[in-house]
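Please keep the sequence and the structure in view while going through the numbered points.

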Amino acid sequence: MNKEKVYFVKLNELEKIKDLLPKFSSPLGIKVHFGEEGNITYLPASYVKKIASMVENPTLVECSVLYKSPRSKAKTHLDLAREHGFDFAPIDFLDGPDGDDSLAESIKGKHFSECYLGKNLEKYKSLLVVSHFKGHITGGFGGAIKNLSMGLASRRGKLAQHAFMKHKVKEEKCIACGACLNNCPVGAISFNSEKKAEINPEICISCSKCISVCPTGAIGIPWGGKDIKVFRERLAEYALAGTQSRQCFFVNFLINITEKCDCAGEKMEKMTEDIGVLVSADPVAIDQASYDLVAKQCENFEKQKGDEQLEHGKEIGLGNRNYELVNM
């Protein structure tokens with residue numbers, strides 16, 4: 001059985017990555033996450049700057065988010081990116097000023113025949129996907145696949161991926177603090193007669209912001225249910241759409257590994273010590289290797305799961321779960 005090569009590079013030897021990078025066709029976009037306001041464990045700009053120095057004329061590319069945040073509009077997203085140190089290259093918000101500019105990409109998927117990505121993606125012939133590998137509330141983990149899928153999707157595409165995930169409130173844990181109400185972008189949450197938060201499933205867009213801001217863990221999604229599986233498979237299909245018709249290469253940083261993703265606007269404790277950097281031409285193989293290395297070092301990370309991203313990715317031809325780890 002064929003194995004994809006995944007290269008391991010130590011954090012203090014990042015210069016070795018340059019020899020692993022292909023010759024990119026221009027224009028080249030570096031897909032990155034700028035970190036949420038209040039988050040301190042996102043991938044530091046200094047590491048992305050180091051990678052950017054290894055290629056010619058890169059542009060940092062990103063899309064806006066669904067929930068209330070400086071990252072929901074291009075203008076304030078740009079301000080936050082600069083504040084977080086991403087001032088060393090041009091930045092292109094692919095989905096326009098409000099996240100509504102879409103490019104339709106056709107695929108043959110289980111859930112989608114058409115995916116809606118940021119419109120400006122059409123001008124990039126190459127993508128260097130630089131991802132921070134960490135946990136994720138609904139995806140299980142976030143790495144190259146999620147950076148491609150949710151990260152390249154326009155507002156319409158993000159909504160399509162989240163659809164069917166029904167959030168629920170555990171009333172015994174709700175303290176009626178109002179954090180979920182104040183952060184819901186569509187006003188789907190209110191207090192019931194018992195002064196407990198209640199989510200209207202007809203209005204909810206399943207962006208999951210309420211889960212990330214709840215201080216008591218009162219809001220969640222039924223784990224193991226079909227909705228979780230569907231969401232993770234949809235991530236893989238949108239990732240496939242993002243890689244079509246363009247040259248792609250992947251770098252995963254296994255540092256600042258937290259339970260939740262970089263969209264959480266809060267300070268989080270690291271789950272384990274930093275591991276290093278993985279490099280590969282295969283998004284499934286690099287995420288599989290990343291998960292295996294983190295889970296081996298941190299038993300608590302195993303509960304993150306997220307296997308459906310990898311398995312469905314393999315099934316639809318996004319990549320290969322079998323890999324050979326090569327130490328550089």
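1. In what order do the eight strands of the open sheet stand? The order is β4-β3-β2-β7-β14-β15-β1-β16, and the pairing is mixed. This description, like the rest of the note, refers to a predicted model. At the edges stand β4 (91-93) and β16 (323-327), each of which pairs on one side only. From one strand to the next, the twist averages 25°.

2. The pairings around β7 may be traced next. β2 and β7 run parallel and are joined by four bridges. In this pairing, K31 stands opposite V129 of β7. β7 also runs parallel to β14, with seven bridges between them. Here S131 is placed opposite N252 of β14.

3. An antiparallel pairing is found elsewhere in the sheet. β1 and β15 (residues 276-280) run antiparallel and are connected by three bridges. Within this pair, F8 stands opposite L278 of β15.

4. Which residues touch the most other members of the largest nonpolar core? They are L127 and F301, in a core of 48 residues. Nonpolar side chains tend to be buried together in soluble globular proteins. Elements that contribute two or more residues to this core include β1 (4-9), β7 (126-132), β14 (247-254), α3 (144-152) and α8 (283-297). A second, separate core has 33 residues, among them V32, Y42, A52 and M54.

5. The contacts of L127 can be followed residue by residue. With neighbours within four places in sequence set aside, L127 is in contact with residues including F24, L28, V61, L148, L152, C248 and F249.

6. Where on helix α1 do the buried residues lie? In α1 (residues 45-52), A45, V48, I51 and A52 are buried. Viewed down the axis of α1, the buried residues fall within an arc of 120°, so they line one face of the helix. These buried residues pack against β2 (28-31), β3 (58-62), β7 and β14.

7. Two further helices lie across strands of the sheet. α2 (residues 74-83) lies across β3 and β4, and its direction is at about 150° to β4. α3 lies across β2, β3, β7 and β14, running at about 115° to β7.

8. α3 also meets another helix. The axes of α3 and α8 come within 7 Å and cross at roughly 125°. On the α3 side, the contact is made by A144, I145 and L148; on the α8 side, by P283, V284, I286 and D287.

9. Is N147 buried or exposed? N147 is located in helix α3. Its relative accessibility is 9%, so N147 counts as buried, since buried means under 20%. Apart from neighbours within four places in sequence, N147 is in contact with K31, V32, V129, V130, S131 and L152. The C-alpha atoms of N147 and L235 are separated by 9.3 Å, although the two residues are 88 residues apart along the chain.

10. A loop residue may be treated in the manner of the previous point. G99 is found in the loop between β4 and β5 (102-106). With a relative accessibility of 1%, G99 counts as buried. Not counting residues up to four places away in sequence, G99 touches S64, S154 and R155. G99 and L117 are 18 residues apart along the chain, and their C-alpha atoms are separated by 9.8 Å.

11. The last point concerns helix α9. Of this helix (residues 307-315), Q309, L310, H312 and G313 are buried. G317, which follows α9, has a positive phi, near 90°.

Terms used: Residues are numbered from 1 along each chain as its sequence is written. This is a predicted model: local features need pLDDT of at least 70, side-chain atom pairs count only at pLDDT 80 or more; totals for chains, interfaces and linings use all residues. Side-chain values use heavy atoms; hydrogens and water are left out. A nonpolar core is a set of buried Ala, Val, Leu, Ile, Met, Phe, Trp, Tyr and Cys residues joined through side-chain atoms within 4.5 Å. Buried means under 20% relative accessible area, exposed over 50%, partly exposed in between (1.4 Å probe, protein chains only). Contact means heavy atoms within 4.5 Å. The arc is that of the directions from the helix axis to the C-beta atoms. Two strands pair if DSSP finds at least two bridges between them. Axes are lines fitted to C-alpha atoms, for helices over the stretch in contact, and angles run from 0 to 180 degrees between N-to-C directions.
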